[in-house]
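User: I am new to reading protein models, and I would like to learn how to go through one feature at a time. Could you show me how to begin?

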Amino acid sequence: MKQVLAVIGAVALVLVAVLVRNAMDGDDGSGGGGGGGSDVALLCPPELADACEAAGGGRGVRVEDAGTTADTLRGATDPDAVEPAVWVVPAPWVEAVRSGIEVGELVGERSDVIARSPVALVLFEDRAAALESGPCAGGIEWSCLGDAADRPWSQAGGEAGWGRVKVGVTDPTSAAGLPVLGGAAAGYFGSASFASNDFSGGFSGWLAALGADAGEAAEGDPVARMVTRGPGAFSAAGALEVTAREAAGRDGFRVLYPAPVTTADLVAVPIGDAGDAADDVAGDEQLRRALAETGWRVDDEPAAEGLDDGVALPDDDGLPSGGVMQALLDLWGSATR
């Protein structure tokens, strides 16, 4: 009998140990590689760092340039090669990456749109008036601005003393800049219905002129430099509204939304073995509130100062497919070297 009781006792101890271990594994699994729990880190570009830091759920935040993240994902061979995270970034970056890799579990399904910011042009009022008397007589759009870019102002309706038409396009290798580049191209072609084989001919030269001052524009926010340094910085800048609003309402500035209106749509997407945490991130009220406070358009959140509520946004972002966006980014790099 003693032997039987000893065996029963030993079995009971084993069962208790298994139950305890399973409970511990269950706790750990909620935030580990495939669980999608609240402790999966957010991976955010520098432009979104402050808003991501405000996100709830006890998540850590890793800050990394969007282009660096994209390169890491393109170079990875399996999910285990990438540190699990939920990437918060404008959708064109996600689509550009997905177009160039065997997706598998490396890049998961993106969330619904979290926030939006339309692409805008910022100009000095006198420069805008000069363009309207010259190459942009029908209204200032991306197409005529690119035609005027890098030309002497004396040939673009302005004064010789203004030098040349300098356009600062937000660096397309940044999170905010890729949607701006896509918006510029959509403005040239008149819609998002273009392909990379349409880049030959006049478009390449037009893009090179638009990016003639790309090196200087990449050194910092072109809108901020216009506001602080005046026309000597740039004659015009292409930026998201979240940045362009800094110039809205200031004397001597004009903020335009060129047709067709395009937008940067923020999404969350799991990368590596991050499970299904993207939708939780997209619905995080603290993140959404912080984005709205910094100038993003977020449903059911008050609009920040400087946003034009008269601008009708398209149903989607109005940008071309991910493969075309990647080809466009590659062309920009070669055209602006």
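User: Where is the place of Asp150?

Analyst: This is a predicted model, in which local features need pLDDT of at least 70 and side-chain atom pairs count only at pLDDT 80 or more, while totals for chains, interfaces and linings use all residues. Residues are numbered from 1 along each chain as its sequence is written, and side-chain values use heavy atoms, with hydrogens and water left out. Helices (H or I, at least four residues) and strands (E, at least two) are DSSP runs, numbered from the N terminus. Asp150 lies in the loop between helix H6 (142-148) and strand S5 (167-169). Phi of Asp150 is near 70 degrees, a positive value in a residue other than glycine.

User: Is Asp150 buried, exposed or partly exposed, and what about Asp300?

Analyst: Buried means under 20% relative accessible area, exposed means over 50%, and partly exposed is in between, with a 1.4 Å probe and protein chains only. Asp150 counts as partly exposed because its relative accessibility is 36%. Asp300, in the loop between H13 and H14, also has a phi near 70 degrees, and Asp300 is exposed, with a relative accessible area of 79%.

User: What does Arg297 touch?

Analyst: Contact means heavy atoms within 4.5 Å. including Ala115, Arg116, Glu241, Tyr257 and Asp308. Arg297 is buried, because its relative accessible area is 18%. Arg297 and Val242 are 55 residues apart in sequence and 8.6 Å apart in space, C-alpha to C-alpha.

User: How many disulfides does a search of the whole structure find?

Analyst: A disulfide is a covalent bond between the sulfur atoms of two cysteines, and the criterion used here is a pair of cysteine sulfur atoms within 2.5 Å. The search finds two disulfides. Cys44 and Cys52 form one of them, with sulfur atoms 2.1 Å apart, and this disulfide is left-handed because the torsion about its S-S bond is about -95 degrees. Cys44 is buried at 0% relative accessible area, and Cys52 is buried at 1%. Another disulfide joins Cys136 to Cys144, S to S 2.0 Å, and this link is right-handed, with 105 degrees about the S-S bond.

User: How do helix H8 and helix H14 cross?

Analyst: For such a pair, axes are lines fitted to C-alpha atoms, for helices over the stretch in contact, and angles run from 0 to 180 degrees between N-to-C directions. The axes of H8 (residues 202-210) and H14 (residues 322-335) come within 9 Å and cross at roughly 65 degrees. In H8, Phe203, Ser204, Leu207, Ala208 and Leu210 meet Leu328, Leu331, Trp332 and Ala335 in H14. The residues of this contact divide into eight nonpolar, one polar and no charged, where Ala, Val, Leu, Ile, Met, Phe, Trp, Tyr, Cys and Pro count as nonpolar, Asp, Glu, Lys and Arg as charged, and the others, Gly among them, as polar.

User: Which peptide bond is cis?

Analyst: The bond that joins Ala259 and Pro260 is cis, with omega about -10 degrees, and Pro260 is found in the loop between strand S7 (253-256) and strand S8 (263-271).

Key. Lists of a residue's contacts leave out its neighbours within four places in sequence.
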